[in-house]
Amino acid sequence: MEPSTFNLKQSVDNYIGFIKNQGSITNSDAAELSAHLYDATDSLINRGLSEEEAFIIACKRLGNEDVLTQEYSKVNASVKMNGIWAYLIIGFNLCYSLPSLFLLCVGMFYLTVYTIYSSSIESTLIVTIFHLLVTFFVFYIARKKNEISQFIEKQVQYNTLRIVCLSFIPFFLPLLLILIPGLRFTKRALASP
Amino acid sequence: MASSLAPLVLIILRRQESYGYQIIQELREKSGGQMAVAEGTLYPVLKKMEAKKWVEGVWKKADSGRERRYYKLTSNGTQELEQQYSQLNFVSQLIHKLWNLPLSTSSNL
């Protein structure tokens, strides 16, 4: 017989995570359901079942994600609404602030290159390489779109308020430019985006 | 099934504060294993009762280090339970009386 590779904590987390992904239970609900699964598994183990068997029966008795989601959605109507609003606000913040931040950085970069090399062959080369890198970066982001959306989804699920607040940060980043000493074009760059 | 759970849960909580798994165990035991309900659906019921201020939930750490949410009946809950209890009793007695009426035969008509 092979040694059992069953991991109770991970299995409970998976099962509850699956229910949580349906988007109608809160963190506290998830903790309560997890505690229930642990208690139920323990008592079945005491009756002589293996950990894995006990877990499977405990899940079966708890109910599947459809039943639980349906029942919870009657009491937790606001969970789904909050999620939708969180996505809307985060989406607006990111779509508005990231492109403007990008344009600001590009402007500063061009200006720096121009101040140092003026319109020589070096500056053309640097700008061309920069454009190539930006193109690759865009492709890289496109390739990573799954990871990025999963990351945002997870953040919204586990700590909605934090990710919404964090999404405001890019708006304030240009203010940091004032702090950089000796940046002669700061005022001009800030006035122009 | 979920709606009929509420008075049962209130009756259990009337005796002592308890957490979800213990409540389910008690229902299972007292019904002789006949209580066929997805156990997880108890929690939305508890949550609804908490929103109505019939019960009060508090997270407590057990000796095993495991956290459980304990529920106890509030004074509102006690009132609600008394009302539901007398209502259910009334309905149950009525059902009993009606059930025991003799079946009509054609000769009675």
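Guide: One term before we start: two residues are in contact if their C-beta atoms, placed from the backbone, lie within 7 Å. Also keep in mind that this is a predicted model.

Visitor: Which residues of α4(A) meet α3(B)?
Guide: Look for α4 at residues 65-75 of chain A and for α3 at residues 42-51 of chain B. On the chain B side, the partners are Pro44(B), Lys47(B), Lys48(B) and Ala51(B). On the α4(A) side, they are Glu71(A), Tyr72(A), Lys74(A) and Val75(A).

Visitor: And by class, what does the contact of α4(A) with α3(B) have?
Guide: Tyr, Val, Pro and Ala count as nonpolar, while Glu and Lys count as charged. Sorted that way, the contact of α4(A) with α3(B) has no polar residues, 4 charged and 4 nonpolar.

Visitor: Is α4(A) roughly parallel or roughly antiparallel to α3(B)?
Guide: The two axes come within 9 Å and cross at roughly 5 degrees. Angles under 35 degrees count as roughly parallel. So α4(A) is, relative to α3(B), roughly parallel.

Visitor: Zooming out, which helix gives the most to the side of chain A that touches chain B?
Guide: The contact takes 18 residues from chain A and 16 residues from chain B. On chain A's side, α2, α3 and α4 each supply at least two residues. With 9 residues, the one that gives the most is α2(A).

Visitor: How many residues on that side of chain A are nonpolar?
Guide: Split by class, that side has 6 charged and 2 polar residues. The nonpolar ones number 10.

Visitor: What about the rest of chain A: how many strands does it have?
Guide: From the N terminus on, the elements run α-α-α-α-α-α-α-α-α-α. That gives chain A 10 helices, and its strand count is 0.

Visitor: How many residues of α6(A) are buried?
Guide: α6(A) covers residues 121-143 and reaches 33 Å from its first C-alpha to its last, close to the 33 Å expected. A residue needs 20 or more other C-beta atoms within 10 Å of its own to be buried. α6(A) is hardly covered, and among its 23 residues the buried count is 0.

Visitor: Over in chain B, which strands stand at the edges of the sheet?
Guide: The open sheet has 3 strands in the order β1-β3-β2, with antiparallel pairing. Each edge strand has a single partner, so one side of it is left without a neighbour in the sheet. In chain B those edge strands are β1 and β2.

Notes:
Residues numbered from 1 in each chain as written. Chains lettered and ligands numbered in written order. Predicted model: local features only at pLDDT ≥ 70, side-chain atom pairs only at ≥ 80, totals over all residues. Pairing = 2+ DSSP bridges. Helix = DSSP H or I, 4+ residues; strand = E, 2+ residues; numbered from the N terminus. Axes fitted to C-alpha atoms, helices over the stretch in contact; angles between N-to-C directions. Expected span 1.5 Å × (residues − 1). Buried ≥ 20, exposed ≤ 12 C-beta atoms within 10 Å, placed from the backbone. Parallel < 35°, antiparallel > 145°, perpendicular 65-115°, else oblique.
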